[in-house]
Amino acid sequence: MTGLAIPAPADAILERVGPLLPRIWNRDDVRIGGGTALAARWRHRRSTDVVLCVAPDLLHRAGEDARTLAVEAGARSVRFGRGWLNGVFPEGEFRISATEPLLDAGTGAEREARFGLTLEPVAEILARKLVLRLHEHGEFLSRDFYDLCTAAERDGASLDLALSALSSDERDEIAREISGCGPSADRRGRPLAAVHRPEWLPELARLTARIVENGAERTSVRET
């Protein structure tokens, strides 16, 4: 089977969980999302967590089976709620998310190499960061900033599609909040590691705010 390799250390989490998934879901029911799916495509930074996305009804029907899967795979501190499951492995964090898609971005055609799981479309991953994390929960994390900057460099069309999930007023609001993060933006949340553009880090907040406000077409992340 050909496909994209999940980078370390997230690959070790998937190695634990992947063999157990067929007990409760079909392969095509599960997608890899979040920064790990972006890192598999772009190799732009280190990712230490795995997000698996399933339809809400599938997670609801799985019930305790999903929790049992995580425990048997070696996760500790497993928590389960409506639409989500979180666990922690020695290699990093693990999450199952049952969020409905925010965009009509298709189902994705790229798969990871080991278990053949589909990667979520780039636009959907970015839209979830923008809408669910930055806008709705007010979480301003360096890894999200860095992913948005990399999208402007690597996949501007997907970035602009993701930004379309927000109104212009919402984008302006988020841009102002990001600008307020200042020079410490690269240290918000888990530390960034193995980044492909270290020169962005001192200007990460300014670059990200400009991208959110103006979109990829009118923003160049090379202009630091």
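**Reading the sheet and helix packing**

Trainee: Which residue of strand 5 stands opposite Gly-87?

Mentor: Phe-94 in strand 5 stands opposite Gly-87. Please keep in mind that this is a predicted model. As a general idea, the strands of a sheet pair through backbone hydrogen bonds, either parallel or antiparallel. Here, strand 4 (residues 84-89) and strand 5 (residues 92-97) pair in the antiparallel sense, with 6 bridges.

Trainee: How many residues join strand 4 to strand 5 in the hairpin?

Mentor: The hairpin connects strand 4 with strand 5 through 2 residues. Strand 3 and strand 4 also form a hairpin, again with 2 residues between them. In the turn of that hairpin, Gly-83 has a positive phi of about 90°. Over 4 bridges, strand 3 and strand 4 pair in the antiparallel sense, and Phe-80 has Leu-85 of strand 4 as its bridge partner.

Trainee: Which sense, parallel or antiparallel, applies to strand 2 and strand 5?

Mentor: Strand 2 and strand 5 run parallel and are joined by 5 bridges. To find a position in this pairing, take Leu-52, whose bridge partner in strand 5 is Ile-96.

Trainee: In what order do the 6 strands stand in the sheet?

Mentor: The order is 3-4-5-2-1-6, in an open sheet with mixed pairing. Strand 3 (76-81) and strand 6 (118-119) are at the edges; each has a single partner strand, so one side of each lacks a neighbour in the sheet. Helix 2 (residues 34-42) packs on this sheet, where helix 2 touches strand 1 (31-33), strand 2 (49-53) and strand 6. The direction of helix 2 makes about 90° with that of strand 1.

Trainee: Let us turn to the helices. At what angle do the axes of helix 2 and helix 5 cross?

Mentor: The general idea is that two packed helices are described by the angle between their axes and the distance between the axes. In this case, the axes of helix 2 and helix 5 (residues 122-136) cross at roughly 140° and come within 10 Å. This angle makes helix 2 oblique to helix 5, since only angles over 145 degrees count as roughly antiparallel. The crossing of the two, helix 2 and helix 5, is left-handed.

Trainee: Which residues of helix 2 and helix 5 meet?

Mentor: From helix 2 come Gly-34, Gly-35, Ala-37, Leu-38, Arg-41 and Trp-42, and from helix 5 Val-122, Ile-125, Leu-126 and Lys-129. By class, the residues in the contact of helix 2 with helix 5 are 6 nonpolar, 2 polar and 2 charged.

Trainee: How far apart are the axes of helix 5 and helix 7?

Mentor: The axes of helix 5 and helix 7 (residues 156-163) are 8 Å apart, and the packing angle is about 45°. Helix 5 and helix 7 are therefore oblique to each other. Helix 5 passes helix 7 in a right-handed crossing. Helix 5 contributes Val-122, Ala-123, Leu-126, Ala-127 and Leu-130 to the contact, and helix 7 contributes Ser-158, Leu-159, Leu-161, Ala-162 and Leu-163. The contact of helix 5 with helix 7 has 9 nonpolar residues, 1 polar residue and no charged residues.

Trainee: Which hand, left or right, has the crossing of helix 6 and helix 9?

Mentor: Helix 6 passes helix 9 in a left-handed crossing. The axes of helix 6 (residues 142-154) and helix 9 (residues 204-214) lie 9 Å apart at an angle of about 60°, and the two helices, helix 6 and helix 9, are therefore oblique. Ser-142, Phe-145, Tyr-146, Leu-148, Cys-149 and Ala-152 of helix 6 make the contact with Leu-204, Leu-207, Thr-208, Ile-211 and Val-212 of helix 9. The residues of this contact of helix 6 with helix 9 comprise 9 nonpolar, 2 polar and no charged.

Trainee: What are the spans of the C-alpha trace along its principal axes?

Mentor: The C-alpha trace of the protein chain, with its 9 helices and 6 strands, spans about 50 × 35 × 30 Å along its principal axes. For 224 residues, a compact globule would have a radius of gyration near 17 Å, and the protein chain agrees with this at 17 Å.

Terms used:
Residues are numbered from 1 along each chain as its sequence is written. This is a predicted model: local features need pLDDT of at least 70, side-chain atom pairs count only at pLDDT 80 or more; totals for chains, interfaces and linings use all residues. Side-chain values use heavy atoms; hydrogens and water are left out. Two strands pair if DSSP finds at least two bridges between them. Contact means heavy atoms within 4.5 Å. Axes are lines fitted to C-alpha atoms, for helices over the stretch in contact, and angles run from 0 to 180 degrees between N-to-C directions. Angles under 35 degrees count as roughly parallel, over 145 as roughly antiparallel, 65 to 115 as roughly perpendicular and the rest as oblique. A crossing is left-handed if the near helix is turned anticlockwise from the far one by less than a right angle, and right-handed if clockwise. Ala, Val, Leu, Ile, Met, Phe, Trp, Tyr, Cys and Pro count as nonpolar, Asp, Glu, Lys and Arg as charged, and the others, Gly among them, as polar. The radius of gyration is taken over C-alpha atoms; the globule rule is 2.2 Å times the number of residues to the power 0.38.
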